[in-house]
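Here is a short briefing on selected local features. It covers backbone geometry, then helices.

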Amino acid sequence: MASSEPAAIELLTQADLPDCLALSTRAPWNQTEHDWRIFFDQGSVWGIHRKGSVVACAALLPYPPDSAWVSMVLTAKSERGRGHAGRLAAVAMDDSARHGLSPQLDATPEGEPIYCQLGFRTVAHLTRWRYTPPAQKQPGHSLGQSADLTQAELEVVCRLDASSVGFARPDFLRHLAKRGPAAVESAAFALSRDGRTAHHIGPIAAENVKDAEIVAETLLQRLGNDQPVIVDAFDSPNGLAGFLQGHGFAPERQFMRMVKGAAPRAELARYFAAAGPEFG
């Protein structure tokens, strides 16, 4: 292959998972091996190899029959500026179209121009809020801290999530229920999962902000105050910003919810915090 030709894009396998995890760790993002396994088990991951290692990647997590999530668009520092991110995102979008699914994603401010060029438009904004304990403690990465939800609770979670985020994702939610504590009421829920640098709370969905604060409060009590925690909350006058500030969280970074075509939009009156930019 001549050096002027674009690098080949390949469908990755489980054998490439360590390279993908290394990319997100160097980013530095919060994903663990368990997060990456969701994409390999429930979706697709594409990448570019250089000298036997993955130097750029992108993932697609389908949420049939309505939507799919473009995610984990990463490029090694030494490979940036070569157009890998745009090409990989385009491959994920093409795969989404082949399955009749409308793509969505949560972009960083740096990534937003790339996705605008690919036909996405911004429909909402999120803020990542972080709680840092007085005595820093790294979160555990074990799946052992399961929420142990009953079937009835899982049905409540799936129903409220679908009505708020705009599409159904029961398999993904069942996976999250194995990752950390949860709080479920008749009209609200909050899930959580372990992370590489912080425990992640989300999604949070509820009929109103009061119920959202109740389940968030319950979950924070179950997690305790001795480990870092992040929440990706939607920016809204009736959102969770005041609640999070009151519990010692500080804004860390911004994300833009972007959609293409007829992708279903989240109902922000009921969807208060996302599952994370990698999952929606």
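Methionine 72 is buried, at a relative accessible area of 3% (buried means under 20% relative accessible area, exposed over 50%, partly exposed in between, with a 1.4 Å probe and protein chains only). This is a predicted model: local features need pLDDT of at least 70, side-chain atom pairs count only at pLDDT 80 or more, and totals for chains, interfaces and linings use all residues. Residues are numbered from 1 along each chain as its sequence is written, and side-chain values use heavy atoms, with hydrogens and water left out.

**Backbone geometry**

- Most residues other than glycine have a negative phi, and most peptide bonds are trans.
- Methionine 72 is not a glycine, yet its phi is positive, about 55°.
- Methionine 72 sits in strand β4 (helices, H or I with at least four residues, and strands, E with at least two, are DSSP runs numbered from the N terminus).
- Lysine 51, also not a glycine, has a positive phi of about 55°.
- Lysine 51 lies in the loop between β2 and β3 and is exposed, with a relative accessible area of 86%.
- Alanine 27 and proline 28 are joined by a cis peptide bond, omega about -5°; proline 28 belongs to the loop between α1 and α2.
- Proline 64 to proline 65 is a cis peptide bond too, with omega near 10°; proline 65 is in the loop between β3 and β4.

**Helix α2**

- Threonine 32 caps the N-terminal end of α2, with a side-chain oxygen 3.2 Å from the backbone nitrogen of histidine 34.
- Buried residues in α2 (residues 33-42) are Asp35, Trp36, Ile38, Phe39 and Phe40.
- These buried residues pack against α1, β2, β3, β4, α6 and β8 (contact means heavy atoms within 4.5 Å).

**Serine 164**

- Serine 164 is in helix α5 (residues 151-165).
- Its relative accessibility is 1%, so serine 164 counts as buried.
- A polar atom of its side chain lies 2.9 Å from the backbone oxygen of leucine 160.
- Beyond neighbours within four places in sequence, serine 164 contacts Ala205, Ala266, Glu267, Arg270 and Tyr271.

**Helix α7**

- Asparagine 208 caps the N-terminal end of α7: a side-chain oxygen is 3.1 Å from the backbone nitrogen of lysine 210.
- Ala212, Val215, Ala216, Leu219, Leu220 and Leu223 are buried in α7.
- Seen down the axis of α7, the buried residues fall within an arc of 140°, so they line one face (the arc is that of the directions from the helix axis to the C-beta atoms).
- On the other side of α7, Lys210, Gln221 and Arg222 are exposed.
- Glycine 224 follows α7 and has a positive phi, near 80°.

Conventions: A polar contact is a pair of N or O atoms within 3.5 Å; within protein, one must be able to donate a hydrogen and the other to accept it, and residues adjacent in sequence count only if both atoms are side-chain atoms.
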